[in-house]
Amino acid sequence: IRDRYQRRVHGVTFDEDANYLDFAERICKQYKMYKSCPAFPHLAFHVTATQPPAVTTSEDPGTSQNHEEPASDIVPWTYDPESGKVTIKDSCTPGQFLTFLRELAPRAMKRQKQVLDELSSMTENAMQFMNRTGIELEFPSDPTPQRVQETKRFVEVLMKTPELYSPLLRGVSLRIGAPREYFVDADHGYLVLPKDLDHDVILPIHERAALRERMRRRIVKLRHFWFLLFITLAADIEW
């Protein structure tokens, strides 16, 4: 049942103590009802265990009866609009799950796609930086949206003047630190630079290096144009 469900819905995780088999069985039985929801095969969510109802003791000293509090009417899912992460309790009924797919899932799926695109863009920028400079940049594999934006801005600042950093830091492991944090760990071979590094790259040497980098990028962008122009002119010449 678990394999059947995970083949249809990608990105589903669950706690070890969650009753995931029963949850997946309920979903699989109603698959035809859910498959019409666009978000169903694409949304990622995490299944958690349902907490048992609270037990209270009667305040009457003449009795010793225990009472179970009635189940809460709170919806069996939570949604973080910043990260797009969704958690669903394993007790979620088919009707509740359908309501979730219709009302919340489209918004959550859209946010998850945005976060994934931002993460992909950050990773691509980081790889370009490492290939360009030979500096190893360390960043978490599953960062928060805020960390993604911080890493992206950090890399953009360094890529404005890569020629200043490459000769000095090639082969060094670079980490992103707190604001105004500079730290060198010679024993483990890594350097910490602050995430607000752009506040410190205001010297004339940075401006000249940034100008040279902009010129280099323009040449790289136009090289294909000049190559095609040369081929076109050469083809028109009668040898």
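Which residues in H5 meet which residues in H6? I started there, keeping in mind that this is a predicted model, where local features need pLDDT of at least 70, side-chain atom pairs count only at pLDDT 80 or more, and totals for chains, interfaces and linings use all residues. Residues are numbered from 1 along each chain as its sequence is written, and side-chain values use heavy atoms, leaving out hydrogens and water.

**Helix pair.** I found Arg111, Val115, Glu118, Leu119, Ser121, Met122, Asn125, Ala126, Phe129 and Arg132 on the H5 side, meeting Pro145, Val148, Gln149, Thr151, Lys152, Val155, Leu158 and Met159 of H6 (contact means heavy atoms within 4.5 Å). Sorted by class, that contact has 10 nonpolar, 4 polar and 4 charged residues. I then looked up the axes: H5 (105-133) and H6 (145-160) come within 9 Å and cross at roughly 30°. That makes the two helices roughly parallel (angles under 35 degrees).

I followed Phe100: leaving aside residues up to four places away in sequence, Phe100 touches Leu43, Trp77, Val86, Ile88 and Ala105.

Arg180 is in the loop between strands S8 (173-177) and S9 (183-185). Arg180 is exposed, at 53% relative accessible area (the cut-off is over 50%).

Terms used
Axes fitted to C-alpha atoms, helices over the stretch in contact; angles between N-to-C directions. Helix = DSSP H or I, 4+ residues; strand = E, 2+ residues; numbered from the N terminus. Parallel < 35°, antiparallel > 145°, perpendicular 65-115°, else oblique. Nonpolar A, V, L, I, M, F, W, Y, C, P; charged D, E, K, R; others polar. Buried < 20%, exposed > 50% of the residue type's maximum accessible area, 1.4 Å probe, protein only.
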